[in-house]
Amino acid sequence: NVFYIEVDSPVPIGSPTGWDKTNVSISGGGATISPGTAKRTVKVTTIGECKITVTADGKSTSFPFRVKRIPDPVIKVGPSGGGKMQAVVFRGQQFVRADLENFDFEAKFSVVSATVYFSVPGDRNVRQATLTSGSLAPAKAHMDALVPGSTVTFDNIKVVGPDGQPRTIQNPPGFSLF
């Protein structure tokens, strides 16, 4: 029983005595519940706990729920979230994206900034590009120089999800090109 911040969560509610004698309320978690009968939607804004209370014929029953943040997305370039990738495939990419994996609700994240480091074999200098969105355009010149044996490392990736709060992705991806 979990609700996620800023995700509309469908909640089926039954009435043992008929809807004219039933009241439904929600408390905690900055929660709101849509009006209606059996099909309701809950939206929460604060991490912690909340409780849905159904009152029918003077008897109340409460149902506790945990309130969590949506999990961090996985950062991907092209088909990969890091590891080995062909240099030609990496050079052809235009965007870095933030994908939610194994999450039951529709929620989108946007990459708002990142630092990308490029290391090319035979060149002692590590090149750096700063991204201000998910577009890899600011890194295009460095990407064009990538050859097999190069490495690309993302750092300080910031994303924004449905809750509007920026977050920094821990353990951002690195790529070894072949």
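In what order do the 3 strands of the open sheet with antiparallel pairing sit? The order is S2-S5-S4, with strands being DSSP runs of E at least two residues long, numbered from the N terminus, and two strands counting as paired if DSSP finds at least two bridges between them. This is a predicted model, so to speak, in which local features need pLDDT of at least 70 and side-chain atom pairs count only at pLDDT 80 or more, while totals for chains, interfaces and linings use all residues. Residues are numbered from 1 along each chain as its sequence is written, and side-chain values use heavy atoms, with hydrogens and water left out.

S2 runs antiparallel to strand S5 (residues 39-43), and the two share 4 bridges.

S1 pairs with strand S7 (residues 59-68) in the parallel sense over 3 bridges, and Val2 has Arg66 as its bridge partner in S7.

On to the rings. Searching the whole structure turns up 6 aromatic pairs, where rings of Phe, Tyr and Trp (its six-membered ring) pair if their centres lie within 6.5 Å, and planes under 30 degrees apart count as stacked, over 60 as edge-to-face and the rest as tilted. Tyr4 and Phe103 have ring centres 4.8 Å apart and planes at 75 degrees, so they make an edge-to-face pair. That pair bridges distant parts of the chain: Tyr4 belongs to strand S1 (residues 2-4), while Phe103 lies in the loop between strand S10 (96-99) and strand S11 (110-119), 99 residues apart. Ring pairs join Tyr4, Phe103 and Phe105 into a cluster. Tyr4 and Phe103 are both buried, meaning under 20% relative accessible area, with exposed over 50% and partly exposed in between (1.4 Å probe, protein chains only).

Lys76, in strand S8 (residues 74-77), counts as buried because its relative accessibility is 15%. Its side chain makes a polar contact with that of Glu101 at 2.6 Å.

Methods: A polar contact is a pair of N or O atoms within 3.5 Å; within protein, one must be able to donate a hydrogen and the other to accept it, and residues adjacent in sequence count only if both atoms are side-chain atoms.
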